[in-house]
Each structure stands twice: as C-alpha cells, then as structure tokens.
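Please consult the sequence and model shown here alongside the text.

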Amino acid sequence: MSGHDSKYFSTTKKGEIPELKEELNSQHRDKRKDAVKKVIAAMTVGKDVSSLFTDVVNCMQTENLELKKLVYLYLINYAKSQPDLAILAVNTFVKDSQDPNPLIRALAVRTMGCIRVDKITEYLCDPLQRCLKDDDPYVRKTAAVCVAKLYDINAELVEDRGFLESLKDLISDNNPMVVANAVAALAEIQEHSSRPIFEITSHTLSKLLTALNECTEWGQVFILDALSRYKAADAREAENIVERITPRLQHANCAVVLSAVKMILLQMELISSTDVVRNLCKKMAPPLVTLLSAEPEIQYVALRNINLIVQKRPTILAHEIKVFFCKYNDPIYVKMEKLEIMIKLASDRNIDQVLLEFKEYATEVDVDFVRRAVRAIGRCAIKLDRAAERCISVLLELIKIKVNYVVQEAIIKPLVCTLKALLMIYYDLPRYESIIATLCESLDTLDEPEAKASMIWIIGEYAERIDNADELLESFLESFPEEPPQVQLQLLTATVKLFLKKPTEGPQQMIQVVLNNATVETDNPDLRDRAYIYWRLLSTDPE
C-alpha cells in the first residue's frame, strides 16, 4: 500500500462491519475498492472480518488489477476458516487463469496455490496444467512454484496428474527464470520425498549451466545449490564445471558467492591436478575475504561457512589470517567466530602474530570473550607442539599483569584446563614447572568444577615434584562433601596418588578421611565404587 493508504487503519467505529458491507456492494467501483482496502486494513490489525467473505468475493469480478490483488489477499487469509465459501471463488479463479492479461493469469494460479484447502486443489489442476505450458514466461515461472505448493498439500495428486514431468520439461525452457523456478520447485519437492525425484544428468547439467549466466541472483543460488548434488563423471568434467562456475565468485550477492564456493569445493574432490587445485584455492580467497566487509549479520553467515571451509582446506585462507583479527566494534558473535577461525589457521609461521592478538583480547572487559581468548591460546599450544612454550609464557604474562579480578578469574580457569591437557599430551613437567607454581598461588580463585578438577589432577599427578602437594590437596578436602561429583572423583584419585608417592603420616591421615567420606558419607554410586576399589587395593599391598 502507498503512503496515503494509512487512513484505512485509523477507523475504529462500532458499526464498522454493516457499513463496510454496504460499501462493498456499492455500484461505484472506487467506493468498492476503498471498502476492500478498509477490510484488508482491519484484517491486518487482527480484527475478524470473515463475516464479509461473500461480499468481498463478489468484488473479484473486476478488471482492476489492484482490487483483484486485494481480494485475493483476503481469500488466502480466510479460505481455511471458510472452506465452503471459498469454493464460490473457484469459478472466478478458473476464468482468471485464462485472462488475456498474463499478470492476472499468474496471480490467479499463485493465489490458488496459496489457498491450502483440499476441496480447491482439485479445481486447481486444470488451470495449473494450462499455465505450465503458457506462452508467457512470467506465468510459467509462477506455475512452477505453484506445483511445489500443491505437492505439499497433496503429493499423490501431483504425481498422478503428471506435474513432475511438466516441471522437468521446464528445465529445458528458453527463459532462464523459468528454469530457475523449476529447479527451485523440484529441489523443494525432493526435500519432502524419500524417493529420487530430481536427478541431474549430464544433459540437464549443460542446460542449467547455460541458464546460470542469464538468471537473477536468487535464480543463480537455486541452480548452484541444485548443481552441488551432481557428481561429475571424471576429473575433466569436474574441471569444466568449475571453469563455468568460477565467474560467479565475483558476484555482488553474498549468497551467490557462497553457493559457488560450495560447488567448487565439491568438484575439487575429483580434480587430481595439484596445479588446478592450487589455482582454485587462490581464486576463492579474495571473494571470501570480501564477504567480511559486509554488515555484521552477513559477516556472521560468511564466518560460519568459512569455519567449515578452513577445516576442509585451510590452505585457501592460510595467508589471510589478518582479516580475521577482531575489530573493536565487532559484535560479540562475530568476534567468537573469528577466534575459532584464527585457531584453525594458526601455524608455526604466524603463531607470534596470533598470540599477540589473543593476548590483547584476554585483557578486554567481556568476560566470556576473555575466557574464549585464553582457551584459544591453550588450544594453539596443544595444536602446535613447537609453539607450546611460547603459548604458556603468554598465559604466565597474563597472570602477572594483574588485571581486574573478574578478568583475572576468567584467565585462571581456562589456563588450568589447558595445562592439564598439555601435561596429558606431552607429559613433560619441567617445561611447565614455573606455571604450576604460579597457579598454586591462585587456588582461591578456582570455583568452577572443571578448573578445580584439572588443578587437583595436576597436583596428584606430580605430587612428588610439588613440595607442598599435601597442603594444597588438604585445602580442597575441607569442602569435600559439598563439591560436585567431578571434583570429588578427582580428589579421591589425587589423594591415593599422593599417598603412594609420599607414604608419610600426613597423606596417610588424608587418605583415611577421603575414603571414609567417599564410602560412608556419599550417595554417589560411582564415587563409592571407586573408593572401595582403592581401599581394597591399598589394604592388600600398596606396592
């Protein structure tokens, strides 16, 4: 509706329905048109105007396209609640589907497809059959989409009346938009069907690739997504397909670019020539980088896709890590995605650059982002053995910076978990001895179960190398009954390890307390079973 149509929304009179009824049956065309606009306005704001159904349907008999559109809009809304009355409109639909004006023909078929009433779908078949073979491409492309809607209402009817064959014939249409809509309709039908309906052959392939050059951007997306299901016969065919699709990488629409990238990546699986693959990787990098200069919402979608791409082929963006550095004004959801990609692209060559960035992020104010940044440093240490010491020294620096308490707490927790993972993988304590001493000073900040359990594991595993291991474990034992199961299990194992490595009086008393708590004072069957196993093992022979 145009700007001056807002007046139709301002009426709230009590006798509105009788008044509208009178106007809808007026002899003057303009008065009827105004009345239908008022009805649509009332319907839009949630008023029930279904009692005017018959009067509105009578206004369908008009040559005025605007009025016809409004009446059709009303019909789509109320046909479900008034299916018997909706049948009254069928004759007009059938008549309109043979109107000399292609816009009216298309409008009639589109509306009939939107009215989800079983009684009407039977009457829709003949007009739809005609429109699929219409001379006007606009009518054909509208009819193609209508077949998918009809399939959703009554799949059996579509198959019996041969609409699927008609849709497949439209793939050979000389109008690219008709081809795109036929492909979109067949793809949608295939989603709801368990048996193969839309299979692309080499013959169909060439037609779709030809239509691709002349389609609108969304038509191109439909065709590219359909083509991604095609498996090339050999490397040569895959190279030919990629050659025809590569120009789409320069498209202004992000959806077209991403669909083209998806298609190219799938075909690259069959290409054996390393030179061709290397060139394709080079060609894909700039368009993907360009997507990151769009609005945050589009950036996020692009980043989610890039995250998957770099898992499969990190070489595509290996030299572009700088574009994933977080900007100060990036929304948090964009920053989180960029972090993930940076971890995947981190290598021995760029790790120093990446660590500088992560160190910067770890002093930000957003606690969740700080945690992710610290974990990212840890993940880089696990991923790159040679860079592990550099990553650990960055984490140590962060603890020594003494940033505000909240951030400090956010750093300690992921740091402990990271250290546990590193020690489990490399089992190389001297390398990380300095960090354990620093962490032992910060034990009072550990309140998350995962971080506590990790720290207890470290103390138990290296009890003979940590001078005050018994004191450290004792500090945890005071709250043993209140701790979560994860921490209790780790405490039990760590105390047994401590006793076996330092079988002195202190650890002996500690193990008595822990075993008593874990067998008598607990309801957790896992904890009790583990405690009994340790007790039996220790009572036979500690050696």
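## Helix α9

The 17 residues of helix α9 (residues 137-153) should span 24 Å at 1.5 Å a residue, and the end C-alpha atoms lie 25 Å apart, which agrees. The expected span is 1.5 Å times one less than the number of residues; helices are DSSP runs of H or I of at least four residues, numbered from the N terminus. This is a predicted model, in which local features need pLDDT of at least 70 and side-chain atom pairs count only at pLDDT 80 or more, while totals for chains, interfaces and linings use all residues. Residues are numbered from 1 along each chain as its sequence is written, and side-chain values use heavy atoms, leaving out hydrogens and water.

Buried residues (under 20% relative accessible area, 1.4 Å probe, protein chains only) of α9 include V139, C146, L150 and I153. Their cover includes α7 (102-114), α8 (118-132), α10 (155-160), α11 (163-170) and α12 (176-191). At the start of α9, a side-chain oxygen of D136 comes within 2.8 Å of the backbone nitrogen of Y138.

## Residue R313

R313 is located in the loop between α18 (296-312) and α19 (332-345). Its relative accessible area is 18%, so R313 is buried. Leaving aside residues up to four places away in sequence, R313 touches L265, M268, E269 and V277, where contact means heavy atoms within 4.5 Å.

Notes: Helices (H or I, at least four residues) and strands (E, at least two) are DSSP runs, numbered from the N terminus. Buried means under 20% relative accessible area, exposed over 50%, partly exposed in between (1.4 Å probe, protein chains only). A polar contact is a pair of N or O atoms within 3.5 Å; within protein, one must be able to donate a hydrogen and the other to accept it, and residues adjacent in sequence count only if both atoms are side-chain atoms.
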